[in-house]
There are 2 protein chains.
Amino acid sequence: MGADKFDPNFTQNVIDATGPNASARTREIIGPLIRHIHDFAREVNLTVDEWMEGVNLINWAGQMSDDRRNEGQLVCDVIGLESLVDEITFAAAANAPDAHTATAILGPFFRHDAPMIPNGGTIIKNPVADGIVTYMHGKVVDSLTAEPIPGVIIDTWEASTNGLYEQQDPEQDDCNLRGRITTDENGEYGFYCLKPTPYPVPDDGPAGKILKMLDRHPMRPAHIHLITTHDEYMPITTQIFSSDDKYLKNDSVFAVKDSLIVDFTPLEGNDKATRELVYNMKLKKQPVKTA
Amino acid sequence: MGADKFDPNFTQNVIDATGPNASARTREIIGPLIRHIHDFAREVNLTVDEWMEGVNLINWAGQMSDDRRNEGQLVCDVIGLESLVDEITFAAAANAPDAHTATAILGPFFRHDAPMIPNGGTIIKNPVADGIVTYMHGKVVDSLTAEPIPGVIIDTWEASTNGLYEQQDPEQDDCNLRGRITTDENGEYGFYCLKPTPYPVPDDGPAGKILKMLDRHPMRPAHIHLITTHDEYMPITTQIFSSDDKYLKNDSVFAVKDSLIVDFTPLEGNDKATRELVYNMKLKKQPVKTA
C-alpha cells in the first residue's frame, strides 16, 4: 500500500540530481540511502510533525556531543547500526580460514591517550570496595602460523563498578581503568583490572529518549574493551563479555557475539586478585603492499 | 547480493527488542525505520569508517543549529525528505475534489513573530536598488463553496536580492521582508514585496558538504513563502515560484510543484510597484470536531 498515491518519479529525480563529478563510491551509497529513507517515509506515511521530531532529535544529539561524548554514535548504537557496520566491515575477514579474533563495536568512550602500563601492571588507579580484581592475561598469535607476536599494543578500557567510565565521573582519576599493554617476546601480556559489571548507557539524551519510546532498558552486559595494534597486523577492535551476565541476550547496543563471551574463574594464591581471565587473541597479517 | 553473508536474524532481533509498552504508532514506525537503515547498510557494504563520517555529519548539524538555523532540517531538505513528508502529509487532502491550495515545505527560515502589516501595506523595510517591487494580491476562498473567507492571516517571508533572509544578514532590519496580512471582508489581501530572486541554501555546513559530495549546486528557484491560518480552516504552508526562474527544474531542495508556479506581470500606473502578482488561494474547512 501507499507508494502509488505519491509522485512516482520523485525519488528517482532526487537521486538523478547527483552530478557527474560525484565519486563512484558516493554514487554507490547515495542512491540506496535516498531510496531507503524515502521508502521508509512512504511506508509509514510519515507526517511533517513526526519528521520534525526526528530532526529535533538529530540536532539535539549534535548539541550534546563533544570530545567526551558522542551522542550521534549512541543513537546509532541503540538501533544496532554500529554493530551491523562492524559485522559488514569485518565479515570477509571473519569468515576466512585464518580468521582473526572476532570484532565488536568501539562504543563512545574510547580515548586515544590511555597511559602505557608495564606488562603485569594494573589499570586500576582507584580501587573500589565492591570491585573484584581480576588478572587478565593471554597470548597473541598469528592467525595463520600460530606463532606468537611480540610488540602488540593492547589498548583496554572498562567502566568502574558504579557503571561510569572515568571521563563520565569526577570521582575517578584521569584514565582510571584505561591503559595500553605491550605483548612480550613470547606474545604474552597480563594486567590487573576489575571484573566488569553491567551498566546503563547514558539515557539523558536522544538515545535515552528513543529507548524510552521503545520501552527498552538501557543496560549493557559487563564487558572489557580492547583494541590491538601492530605495524604488521590488522588492528582489532573488540569487547569481551562475562559469561555470567544477565544482559548477554539483550544488550542495549546489540554488540554481543558468542565468540566474545569469556569466563572469569577463581584465582588462588595471588594476593592482588581473586579472579583470572585467560584471553588469547589471533591477529591477521596486513595485506602486503605492492609498491 | 550481500545480505546472506550476514547474521540473518540480527535486524529482526533489534526490532523485537521493542517492549510491550511502546505506542502503536512508535511500533509502526520503528520496524520499517530499522529495517530500511539496516538494509541500506548491507546493500552498500557500509564500512565502520563511512558510518562514522555520517555520525560526524549528524553531530555537526546539531552543533550548527540554533534559534536562527536548523541544519538538521536542511540536511533532510537536500535529499528531498521534507518535500516528501509534505506530500505524504497532504496527499489525501490534495487529491480530494475540494482540494485546498497545494502545499510546499516550510524551510528553515520561518519565524513565529513576523509583524502584522495592514492590508495594502509593505513588507519591505530596506529597499534595495536591484529590487523589483511587486504588488501581490488575491482572494482567499472556501475550497468547497467558493465563498470568500475574511480574517485569514497570511504569514509571508522572502529573501532579499542578496540571497539572504533578514536573520542571516546583519545589514537588514529585524523582520525585513516578513509580515502577516489579514484578508478583508471580501476575502481579499494585498501587500508590496520584492519579486523574489534565486539564492543558494547555506553551504557552510553538512548540507553544503553533502551537496559538494554529490556534485550538486545549492541554488533554490526564486520563491515567496506563505502560511495561512484561520480558526475554521486547515492551515496551509506553501511556497510560490516565479515562472521565469532557471532553477524551477532543479531546486536544491525539490520543493517545486507545477501548481505553485506563478507569473509576475508588468504593472502600470502604480508609483510604488512595477510588477503585479495575483495569487488566489483555496482553503478547506477543518474537520468538524465531534465532542
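Author: In chain A, the axes of α3(A) and α6(A) approach to within 9 Å and cross at roughly 140°. The term covers what is left once angles under 35 degrees are called roughly parallel, over 145 roughly antiparallel and 65 to 115 roughly perpendicular. An axis is a line fitted to C-alpha atoms, for helices over the stretch in contact, and angles run from 0 to 180 degrees between N-to-C directions. Two packed helices are described by the angle and the distance between their axes.

Which residues make the contact? On the α3(A) side they are E53(A), L57(A), W60(A), A61(A) and M64(A). On the α6(A) side they are P206(A), K209(A) and I210(A). Contact means heavy atoms within 4.5 Å. By class, this contact of α3(A) with α6(A) has six nonpolar, no polar and two charged residues. Ala, Val, Leu, Ile, Met, Phe, Trp, Tyr, Cys and Pro count as nonpolar, Asp, Glu, Lys and Arg as charged, and the others, Gly among them, as polar.

First, the ground rules. The model is predicted, local features need pLDDT of at least 70, side-chain atom pairs count only at pLDDT 80 or more, and totals for chains, interfaces and linings use all residues. Residues are numbered from 1 along each chain as its sequence is written, chains are lettered from A and ligands numbered from 1 in written order, and side-chain values use heavy atoms, with hydrogens and water left out. Helices (H or I, at least four residues) and strands (E, at least two) are DSSP runs, numbered from the N terminus.

Now chain B. Here α3 (residues 48-64) and α6 (residues 206-213) have axes that come within 9 Å and cross at roughly 140°. α3(B) and α6(B) are therefore oblique to each other. L57(B), W60(B), A61(B) and M64(B) in α3(B) meet P206(B), K209(B) and I210(B) in α6(B). This contact has six nonpolar, no polar and one charged residues.

Back in chain A, the loop between α2 and α3 holds N45(A). Phi of N45(A) is near 50°, positive in a residue other than glycine. N45(A) counts as partly exposed, at 25% relative accessibility. Buried means under 20% relative accessible area, exposed over 50%, and partly exposed in between (1.4 Å probe, protein chains only). On the α6 side, D215(A) sits in the loop between α6 and β6 (219-220) of chain A. D215(A) is not a glycine, yet its phi is positive, about 55°. Its relative accessible area is 27%, which is partly exposed.

What do the buried residues of α4(A) pack against? They pack against α3, α5 and α6 of chain A, together with α3 of chain B. Eight of the eight residues of α4(A) (residues 71-78) are buried, so this helix is largely enclosed by the rest of the structure. Among them are L74(A), V75(A) and C76(A).

The buried set in α2(B) includes I29(B), I30(B), P32(B), I34(B) and F40(B). At 1.5 Å a residue, the 20 residues of α2(B) (residues 24-43) should span 28 Å, and the end C-alpha atoms are 29 Å apart, which agrees. The expected span is 1.5 Å times one less than the number of residues. Just after α2(B), N45(B) takes a positive phi of about 50°.

Last, the strands. Strands of a sheet pair through backbone hydrogen bonds, either parallel or antiparallel. Two strands pair if DSSP finds at least two bridges between them. In chain A, five strands form an open sheet in the order β3-β2-β7-β8-β9, with mixed pairing. β3 (178-182) and β9 (261-262) stand at its edges, each with a single partner strand, so one side of each has no neighbour in the sheet. β2(A) (residues 153-157) and β7(A) (residues 223-230) pair antiparallel over five bridges. There, I154(A) has T228(A) as its bridge partner in β7(A).

In chain B, β1(B) (residues 133-142) and β4(B) run antiparallel, joined by seven bridges. M136(B) stands opposite F191(B) in β4(B). Six of the seven residues of β4(B) (residues 188-194) are buried, so this strand is largely enclosed by the rest of the structure.
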